[in-house]
Amino acid sequence: MKKHLIPTIVSLLAVPALIAVPLVTTPVQTEALAEDENFCISIIGKAQTEVSPDYADVTLTIENLDSDVSSAKDKTFAIFDKAVESLTGNGVLRENIIVEGYSSHPNYDYTCGKSLIGYYSNLTFTYKTDDIAQIKTTIDGVTEVGVTNVQSIKYGISNEEELYNTTLSNAIENAKAKAKKVFGHESIQIIGLEEESVYYSSSLYRYYDSSLESQDMVGKVTIQARARVKFATL
């Protein structure tokens with residue numbers, strides 16, 4: 001029985017040595033995969049472009065309170081007509097002035113019970129201008145004739161699709177540069193390409209402020225693109 005015991009102990013001691021061998025050679029096997037003609041990788045490329053906006057959409061409201069619902073509406077639209085006249089006089093095209101919505105409802109005073117004090121009306125409209133330098137002038141004009149609130153200014157770019165396509169091409173080039181570093185050489189080819197959706201805003205929202213009359217104070221619009229690209233060696 002003792003003759004059989006010694007070989008058994010030797011074989012058990014040999015097991016750790018056999019297991020350790022592949023751990024030492026793993027980096028060599030990984031490096032060899034990169035040289036394999038069938039080896040491929042998938043890389044995400046990213047790019048973004050910042051540009052100055054070339055137009056603006058301005059949203060405004062006219063609020064009115066009158067004892068009669070019809071009178072409240074008539075006064076509100078009378079102010080709107082004056083606002084249109086002011087805007088067109090400052091170079092805004094009539095077709096770029098759009099009524100977005102109108103609402104009217106009774107307004108009550110609850111100090112001593114419930115008593116009707118009049119009818120509240122609200123008209124929201126927007127106008128688009130490609131003369132950003134004149135935004136302050138156009139806003140001053142409409143507020144002088146009775147527009148009560150400037151809700152927001154949204155700056156945008158007219159050639160968004162063209163700029164996005166250029167940014168997407170840059171994202172693919174970004175992925176290609178990463179792939180060359182992984183492979184360690186220039187001889188690579190694209191064998192798969194997928195455009196990835198990315199949330200971005202091609203508009204820049206600002207609340208009205210006198211400083212926004214200057215192009216330098218507007219800021220930049222950022223366009224982003226992502227692409228998942230699959231590469232293999234030539």
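The paragraphs below treat a helix pair and then a pocket.

This is a predicted model, in which local features need pLDDT of at least 70, side-chain atom pairs count only at pLDDT 80 or more, and totals for chains, interfaces and linings use all residues. Residues are numbered from 1 along each chain, and side-chain values use heavy atoms, without hydrogens and water.

Helix 2 (residues 69-89) packs against helix 3 (residues 135-144) at an angle of about 155 degrees, their axes lying 8 Å apart. Helix 2 is therefore roughly antiparallel to helix 3 (angles over 145 degrees count as such). Helices here are DSSP runs of H or I with at least four residues. At the contact (heavy atoms within 4.5 Å), Ala83, Ser86 and Leu87 of helix 2 meet Thr138, Gly141 and Val142 of helix 3. These contact residues comprise three nonpolar, three polar and no charged, where Gly counts as polar.

The largest pocket holds about 170 Å³ of space. Among its 13 lining residues, Gly91, Lys128, Thr129, Asp130 and Asp131 are the closest to its centre. A pocket is an open set of points on a 1 Å grid where a 1.4 Å probe fits, with protein on both sides within 12 Å along at least five of seven lines; lining residues have an atom within 4 Å of a point. By class, the lining has three nonpolar, seven polar and three charged residues.

How values were computed: Axes fitted to C-alpha atoms, helices over the stretch in contact; angles between N-to-C directions. Helix = DSSP H or I, 4+ residues; strand = E, 2+ residues; numbered from the N terminus. Parallel < 35°, antiparallel > 145°, perpendicular 65-115°, else oblique. Points joined across faces, edges and corners; volume = space filled by probe spheres on them.
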